[in-house]
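I open this notebook to record what I looked up in the structure. The entries follow the order in which I consulted it.

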Amino acid sequence: MPDQLRRDVRLLGEMLGTVLAESGGQDLLDDVERLRRAVIGAREGTVEGKEITELVASWPLERAKQVARAFTVYFHLVNLAEEHHRMRALRERDDAAKPQRESLAAAVHSIREDAGPERLRELIAGMEFHPVLTAHPTEARRRAVSTAIQRISAQLERLHAAHPGSGAEAEARRRLLEEIDLLWRTSQLRYTKMDPLDEVRTAMAAFDETIFTVIPEVYRSLDRALDPEGCGRRPALAKAFVRYGSWIGGDRDGNPFVTHEVTREGITIQSEHVLRALENACERIGRTHTEYTGLTPPSAELRAALSSARAAYPRLMQEIIKRSPNEPHRQLLLLAAERLRATRLRNADLGYPNPEAFLADLRTVQESLAAAGAVRQAYGELQNLIWQAETFGFHLAELEIRQHSAVHAAALKEIRAGGELSERTEEVLATLRVVAWIQERFGVEACRRYIVSFTQSADDIAAVYELAEHAMPPGKAPILDVIPLFETGADLDAAPQVLDGMLRLPAVQRRLEQTGRRMEVMLGYSDSAKDVGPVSATLRLYDAQARLAEWAREHDIKLTLFHGRGGALGRGGGPANRAVLAQAPGSVDGRFKVTEQGEVIFARYGQRAIAHRHIEQVGHAVLMASTESVQRRAAEAAARFRGMADRIAEAAHAAYRALVDTEGFAEWFSRVSPLEELSELRLGSRPARRSAARGLDDLRAIPWVFAWTQTRVNLPGWYGLGSGLAAVDDLEALHTAYKEWPLFASLLDNAEMSLAKTDRVIAERYLALGGRPELTEQVLAEYDRTRELVLKVTRHTRLLENRRVLSRAVDLRNPYVDALSHLQLRALEALRTGEADRLSEEDRNHLERLLLLSVNGVAAGLQNTG
């Protein structure tokens, strides 16, 4: 472990120890230390698991809960220390003379050398990155806990900046200890269930604190890479290539709490935040533009704009001119800030009608400054504001609507039959009316995408267009791009035929004409993996992308594939940049759209330096994946190893289905995991199941993955891969595929990560709770097979051997996760066995709370929920 990281972990751990001793007495700290030493000893082979079980069982339930909270807080502090170390490493690697690996500058350099400047310009002009913040958050932390961690982060930064031995250092230490004490005293669990608008406001924190300010920094990095000497002194070469979307407040698939009122309020909250951010930035920048008329004369266009403003808003302009005499550029920018405020407060007389009008004013100022020779002022901070307005508009993120195809079919059937409509059908129509209202208020770009879950035919798409006509008066239907979402293995296979049917729909034909033949298709990673297993899902998704890219070429369609990836590896998670480079050749083509879910949002956007790095890495991957040389190498590898991959997928699928199709599997899974208790964590507004049914088919992918993570089995990330690899009796060929085919490398690397977070000994205790020894043996045998073969194929002597930073993080956490697992097992064993019937209500409540505290802590330790 690097020295600075070691010092931070030790410092934060010691301060937590001080807090524990002060709050709960030395005996609490002693108990925590006893368990800490025991789990480390178990890893080293000097302590048996039975001793740890007896230690945990010896504590009263109240003490067990305190110990669980202590380890959970410790994980929050370790995560924070690692975050700060990562930011330090990013700063140290920032060398203007040498492009950082996987950065936009590295992509620019590589493409310029490999394909030439003209191809580079084409790729930059067409590049799009569309992250979509999704509903159903999987962030296990309360917002109060996240806020407390941010305050600790600020104090740790102050401590690093202070001179050793100074008063500033002493004060930073005092404040750091105060904030850690407060984190310890803050409840780790939510007492009330989140509603969809709570989820909207939670996402807004990431925008306010990070995303708004990071976006222009990323664009500036690209602009500097394209022309270092001219950066900030000429018109921007980097375009605003990021567009945020959101499902939060728009995704109603299986969530009865997302209503048309929620959707309307959600976009209003977004607008409030972005308008306030633009207003503050515009006023701040405006106050700095004190260019005097004599040295920086205004252009004729700027003078005309000010004349029009004096006629339209005489009193306001009089006040602005009085404060800024002979400073015309400043005057127009301060007027723009006032107009943004009026837009936010819904003053139609003064407010802007749309973001284009605001951008027109900014460009008038920019062009005037440039014409007067003030190029640094024209293309400096003012350009940043232009980029922000281009990226976020007045709506911040496009609100996307999602609903299940069966809901639309039922609504249409009712409408066509005549008579009184059900409440659910009225809600479908009301949602479409809200979409029309959003478009009228904020513009079409604020809400035009409507995603249909479980699309199985073009009729599912046509239904939405027909419902929109029923919802509004003739000629007033909202403009919609209805997007099919293919989720199961069968739906992915049938996707091209569905798109053929869509091309015959008049509504789709009209939209293709209006958009320059642009179309979007969404691919679901979560349900496909739960349906056919992680290996088969990976290959089916790859095949679907390849077929869809070919289909788009044949029909002259500019296709964007929308990747519905979860945060966890069992739901398509993993490093986003590697995922882009593993896509089928031709399927990226300069455009990448992906969901950013739950803990992923705050992992990627919680700190500015990390958010900047994330966007740069994805941007690098999008550019590189669109180059001819990268696509050619990937296509050659896919063709060479395809037959072998099919054998792997077939055997892996058979092994996976043999497990989940076993009679009684769903009930067994519920017994061996905290599945049924997860809803008590109140992670989000969305129910864990789509209906009241209790089978696996109706279970959402998030609790499926989350529950397996808690058992330390991590089954959705690797199960079946061992059987698949065993079906190929050629280790040399498998290793070559790993080295040369990005898709296969990504599959094995992600499985390796899941295996590294798996603990076989502890997992066996969880699996034994189900009372089905044959299923326990089946799971553990597949784990042993997978671990052995993954190591042989990658030629690693241990898991994560080639990923030093990640390996260190997992190794650092695993013993302490073990401690929480032992505490969780105490609660789960009591609740799952015959002892449960003899528990008092008080003891049951204590056990359930201990279980939930441990679930929260394991999620923090493994940095994964669903």
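**Charges over rings**

I found Arg264 over the face of Trp437, at 3.7 Å from the ring centre. A second case is Arg69, which lies over the face of Trp184 at 4.2 Å from the ring centre. I count a charge as over a ring if NZ of Lys or CZ of Arg is within 6 Å of the ring centre and within 35 degrees of the ring normal.

**Basis of the entries**

I am working with a predicted model, in which local features need pLDDT of at least 70 and side-chain atom pairs count only at pLDDT 80 or more, while totals for chains, interfaces and linings use all residues. Residues are numbered from 1 along each chain as its sequence is written, and side-chain values use heavy atoms, with hydrogens and water left out.

**Aromatic pairs**

Rings of Phe, Tyr and Trp (its six-membered ring) pair if their centres lie within 6.5 Å; planes under 30 degrees apart count as stacked, over 60 as edge-to-face and the rest as tilted.

I looked up Tyr219 and Trp387, an edge-to-face pair with 5.6 Å centre to centre and 70° between the planes. Tyr219 is in helix H9 (residues 196-226) and Trp387 in helix H16 (residues 381-392), so the pair links parts of the chain 168 residues apart. Helices (H or I, at least four residues) and strands (E, at least two) are DSSP runs, numbered from the N terminus. Tyr219 is buried at a relative accessible area of 0%, and Trp387 is buried at 1%. Buried means under 20% relative accessible area, exposed over 50% and partly exposed in between (1.4 Å probe, protein chains only).

I next examined Trp247 and Phe562, whose ring centres are 6.0 Å apart with planes at 80°, so this pair is edge-to-face. Trp247 lies in the loop between strand S2 (245-246) and helix H10 (260-288), and Phe562 in strand S8, so the pair ties together parts 315 residues apart in sequence. Both Trp247 and Phe562 are buried.

I also noted a cluster in which ring pairs link Phe207, Phe212, Tyr244, Phe392 and Tyr605.

**The sheet**

I traced an open sheet of 9 strands with parallel pairing, in the order S3-S2-S1-S9-S8-S7-S6-S5-S4. Strands S3 (398-399) and S4 (401-404) stand at the edges with a single partner strand each, so one side of each has no neighbour in the sheet. Two strands pair if DSSP finds at least two bridges between them. I found 2 bridges joining S8 (residues 558-564) to S9 (residues 591-596), which run parallel. His563 has Val594 in S9 as its bridge partner.
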